[in-house]
Amino acid sequence: ALTAAAMEDEREAASAAEANARADALEAALAEVTEGMANANAMVEAAVFARDEAQAELETLKNDRVGAEPPHVTARALEELDTLRGEVERLSAALDAAPAPGKVDSIGEAFDVVRASLSSSSVAPKGSNKKTLSLSLALVALVAIHVRDPGWGVWNVIRVVGSLILGSGLALKGYKSGSLDLSGALSAAAVGWGTLYAGVRFGVTLGVFFFASSAMTKVGADVKRKIDEHFVEGKEGGGRDWIQVAANGAVPTLLAMSYSFATGGPEYVLGYANAFETPLACAFIAYYGTCCGDTWGSELGVLSKKLPRLIINPGKKVQPGTNGGVTSLGLIASGLGGLAVGFAFYVSGLLVPLVTGNLSSAMQFLAQWPTLALGFLSGVFGSLLDSLLGATIQFSGYCSERKKMVSKPGPTVTKVSGLNFLSNSAVNFVTATAMALAVYYGVIFAGVPF
């Protein structure tokens with residue numbers, strides 16, 4: 001028996017040693033693969049830089065060749081031109097074959113990444129429950145201050161004060177979470193005050209845009225660390241200043257308040273019966289649909305395993321982070337971002353009628369489904385317009401020092417596309433304003449099937 005036990009111990013020891021050896025081998029293989037991936041990424045970045053330099057030199061030689069008289073075009077110059085052309089073609093082929101630094105192949109994988117990121121952002125279930133409770137109480141308070149038409153009496157005072165408290169509270173929450181800096185928080189408080197005062201639909205839409213977009217900026221931090229020129233460790237959520245807040249919120253706040261003053265306070269169903277107020281509400285949806293679509297498309301599009309294509313030259317692949325670069329994943333995410341805005345406006349229209357027991361009014365708001373299509377289309381077409389402007393009047397270049405795409409020229413930056421004319425915030429403002437105007441006048445002249 002003792003001999004058998006000893007033999008069993010020897011077999012277990014041998015099995016443990018074998019398992020340890022296999023574990024060591026797997027760990028070494030993993031380290032080798034990780035090093036290989038890092039080398040591959042470095043090669044891709046070097047190829048991009050070399051290709052852009054070769055392309056620029058090729059264009060210079062082409063221009064010299066066209067502008068010179070035939071006797072001045074030497075055989076050596078022609079040989080250099082052919083060599084550079086071959087180098088450009090080789091580097092372009094290498095770039096096309098190289099994988100993007102992203103990790104997402106499909107929209108299903110994108111949902112998994114988003115879900116995992118949101119789950120990990122909650123420190124503990126208790127904290128998550130507290131956050132849910134706070135948002136639920138804010139929603140109840142928003143509905144409570146809108147259950148009666150304000151007129152100009154005490155109910156209007158309640159709405160003014162309640163909107164100010166809620167708007168300031170949401171701005172403070174954004175400041176504490178790092179999504180807003182101090183100037184951004186002060187601007188967000190003003191935006192929140194005006195929008196929440198205008199009505200439940202406007203307030204809920206603003207809340208969905210802000211919280212959903214802030215959450216998207218935190219998704220895929222490991223990839224964005226290598227790509228995003230503005231990435232700061234520990235502040236993946238943004239830290240938006242007053243300029244960014246104004247670019248996203250000033251115009252829709254004016255639209256929402258214009259709607260409120262036009263109706264005297266109540267929120268009406270959209271349609272021909274309310275022909276003056278309806279274009280204002282539709283322009284509000286289009287503006288935030290464009291902003292949300294752009295944010296979702298940018299934040300999720302860079303996670304794609306496929307390199308983006310320049311919108312003004314679809315045959316040209318560019319590095320992630322290039323203004324005007326488009327991926328199928330980013331375009332789908334833009335549509336979903338716009339749809340989220342349309343859905344928020346649509347569902348929140350049911351809240352006051354259901355709370356007050358006005359079922360006939362609730363049924364009318366239930367038929368307002370075209371707001372879903374309006375939000376989705378604003379997200380898609382707004383994202384395309386934003387990419388078009390980004391590729392033409394917003395600078396993009398590759399910084400050889402930082403190994404990233406950047407939006408400002410410099411001594412170590414090689415231009416890829418666009419003029420140094422508008423900043424990212426300016427492009428967002430111009431795009432969203434153009435979409436809002438298009439929808440506003442489109443509703444006036446063509447109408448909407450509400």
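Two strands count as paired if DSSP finds at least two bridges between them. With that in hand, let's walk through this predicted model, starting with its sheet.

The sheet is open and has three strands in the order 2-1-3, with antiparallel pairing. Strand 2 (313-317) and strand 3 (325-326) stand at the edges with a single partner strand each, so one side of each has no neighbour in the sheet. Strand 1, residues 309-310, runs antiparallel to strand 2, and two bridges join them. To find one of these on your screen, pick Arg309: its bridge partner in strand 2 is Lys317. In general, the strands of a sheet pair through backbone hydrogen bonds, in either a parallel or an antiparallel way.

Helix 10 spans residues 277-301 and packs against helix 15 (residues 424-446), with the axes 8 Å apart and an angle of about 150°. Angles over 145 degrees count as roughly antiparallel, and helix 10 and helix 15 are therefore roughly antiparallel to each other. Their crossing is right-handed. On the helix 10 side, the residues in contact include Thr278, Leu280, Ala283, Tyr287 and Asp294, while helix 15 contributes, among them, Phe429, Met435, Val439, Tyr440 and Ile444. By class, the residues of this contact between helix 10 and helix 15 divide into 15 nonpolar, five polar and one charged.

Helix 10 also meets helix 7 (residues 200-217), and here the axes come within 9 Å and cross at roughly 10°. The cut-off for roughly parallel is an angle under 35 degrees, which makes helix 7 roughly parallel to helix 10. From helix 7, the contact includes Phe202, Leu206, Phe209 and Met216; from helix 10, Phe284, Tyr288, Trp296 and Glu299 are among the residues they meet. The contact of helix 7 with helix 10 has 12 nonpolar, four polar and one charged residues. Cys291 of helix 10 is worth a click, as this residue is listed in the contact with helix 15 and also in the contact with helix 7.

Side chains of opposite charge can pair when their charged atoms come close. How many salt bridges does the structure hold? There are two. One of them joins Glu267 and Arg201, whose closest N and O atoms are 2.8 Å apart. This pair links distant parts of the chain, 66 residues apart: Arg201 belongs to helix 7, whereas Glu267 lies in the loop between helix 9 (242-263) and helix 10.

Terms used. Residues are numbered from 1 along each chain as its sequence is written. This is a predicted model: local features need pLDDT of at least 70, side-chain atom pairs count only at pLDDT 80 or more; totals for chains, interfaces and linings use all residues. Side-chain values use heavy atoms; hydrogens and water are left out. Axes are lines fitted to C-alpha atoms, for helices over the stretch in contact, and angles run from 0 to 180 degrees between N-to-C directions. Helices (H or I, at least four residues) and strands (E, at least two) are DSSP runs, numbered from the N terminus. Angles under 35 degrees count as roughly parallel, over 145 as roughly antiparallel, 65 to 115 as roughly perpendicular and the rest as oblique. A crossing is left-handed if the near helix is turned anticlockwise from the far one by less than a right angle, and right-handed if clockwise. Contact means heavy atoms within 4.5 Å. Ala, Val, Leu, Ile, Met, Phe, Trp, Tyr, Cys and Pro count as nonpolar, Asp, Glu, Lys and Arg as charged, and the others, Gly among them, as polar. A salt bridge is a side-chain nitrogen of Lys or Arg within 4 Å of a carboxyl oxygen of Asp or Glu.
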